[in-house]
Amino acid sequence: MGGNQSPGVEVIPAQLAFHEDPANKDLLPAETEPAEMAGDDDIVSIGAPSADSDVRRVTEISGKVAEGHVPVVLIRPLTKENLWWIQNRPVVAMEGTYKGKLVFGSEKTPEGTRFRVLVLAFEDAAAADKLKAGASLKQLPEGVKTSSEITITVRNQKATGVEAK
C-alpha cells in the first residue's frame, strides 16, 4: 500500500483497472444483484438521479452533504468485476448542496447496463483527495459515512435524467 491511500483500501489506477465486456456477458442477472446498502442520509444523500431511474450514459448527480464533509461519488456496474469507479469531485455550494457529473462506462457500454451509485462523505479533505477520478476501489473505505446506494439503468434513448454538460 502506498503512502497516499486510506488504510485498508486498495486504489487501482485508472489505466490498470478498466475492463468492459461489449457483449454484456459479465452482467449480473437482476436476481443475483447484491442488496442496496442503506447509508447515513442525514450526513450525505443523493437527490438526483432517483433510484431505479433510466439515465443517459453521462448524467448529472445532485444531493446534500453536511457541513464539514467532502463528497466523493462512486459508481459500479453490476457485473462480475464489481469495482467502484471514482467520479470527478462534485461542486459543493454554501448551503451544502452538491452537483456533479456521472459517467457510466464508455461509448461501448451496452444499453440496459445497470449501475450502483454511492456518495462517500469524508470529514478529512486530505483523505478524500487520495481518491482520484478515474481510479477504482475493490472495497469501500472503512469508517467513512455514505449515502444510501441507488441503482440506475443506462438507457440513452429513453433516459429521464438530466444530461450533464
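Val44 stands opposite Val65, a residue of strand E4. The model is predicted, with local features needing pLDDT of at least 70 and side-chain atom pairs counting only at pLDDT 80 or more, while totals for chains, interfaces and linings use all residues. Residues are numbered from 1 along each chain as its sequence is written, and side-chain values use heavy atoms, with hydrogens and water left out.

The strands may be followed from one pairing to the next. Two strands count as paired if DSSP finds at least two bridges between them. Strand E2, residues 44-48, and strand E4, residues 58-65, run antiparallel and are joined by four bridges. Within this pairing, Gly63 in E4 is the bridge partner of Ile46. E4 is also joined to strand E8, residues 97-103, by seven bridges, and these two strands run antiparallel. Here Glu60 has Lys101 in E8 as its bridge partner.

These pairings belong to an open sheet of four strands in the order E2-E4-E8-E7, paired in antiparallel fashion. E2 and strand E7 (91-92) each have a single partner strand and stand at the edges, so one side of each is left without a neighbour in the sheet.

A nonpolar core is a set of buried Ala, Val, Leu, Ile, Met, Phe, Trp, Tyr and Cys residues joined through side-chain atoms within 4.5 Å. The largest such core has 20 residues, and Ile61, Phe104, Val117 and Ile152 have the most contacts inside it. At least two residues of this core are supplied by each of E2, E4, strand E5 (70-77), E8, strand E9 (114-122) and strand E12 (150-154). E9 gives the largest share, four residues.

Val117 illustrates how parts of the chain meet. When residues up to four places away in sequence are not counted, its contacts (heavy atoms within 4.5 Å) include Ile46, Ile61, Val73, Leu102, Phe104 and Ile152. Another core, of 14 residues, lies apart from the largest one, and among its members are Val70, Ile86, Leu118 and Ala135.

Charged side chains come next. Side chains of opposite charge can pair when their charged atoms come close. A salt bridge is a side-chain nitrogen of Lys or Arg within 4 Å of a carboxyl oxygen of Asp or Glu. The structure holds five salt bridges. In one of them, the side chains of Glu149 and Arg76 meet at 3.3 Å, N to O.

Arg116 lies in strand E9, 33 residues apart from Glu149. Glu149 counts as buried at 5% relative accessibility, and Arg116 counts as buried at 2%. Through shared partners, salt bridges join Arg76, Arg116 and Glu149 into one network. Arg116 has a further link, a polar contact of 2.5 Å between its side chain and that of Thr151. A polar contact is a pair of N or O atoms within 3.5 Å; within protein, one must be able to donate a hydrogen and the other to accept it, and residues adjacent in sequence count only if both atoms are side-chain atoms.

A further salt bridge joins Asp129 and Arg89, whose closest N and O atoms are 3.3 Å apart. Asp129 lies in helix H2 (residues 125-129), and Arg89 lies in the loop between strand E6 (84-86) and E7. Asp129 is partly exposed, with a relative accessible area of 37%, and Arg89 is partly exposed at 35%.

The account ends with the aromatic rings. Rings of Phe, Tyr and Trp (its six-membered ring) pair if their centres lie within 6.5 Å; planes under 30 degrees apart count as stacked, over 60 as edge-to-face and the rest as tilted. The structure holds one aromatic pair. The ring centres of Phe104 and Phe115 are 4.9 Å apart and their planes stand at 55°, so the pair is tilted. Phe104 lies in the loop between E8 and E9, whereas Phe115 lies in strand E9, eleven residues apart. Phe104 counts as buried at 0% relative accessibility, and Phe115 counts as buried at 3%.

Key: Buried means under 20% relative accessible area, exposed over 50%, partly exposed in between (1.4 Å probe, protein chains only).
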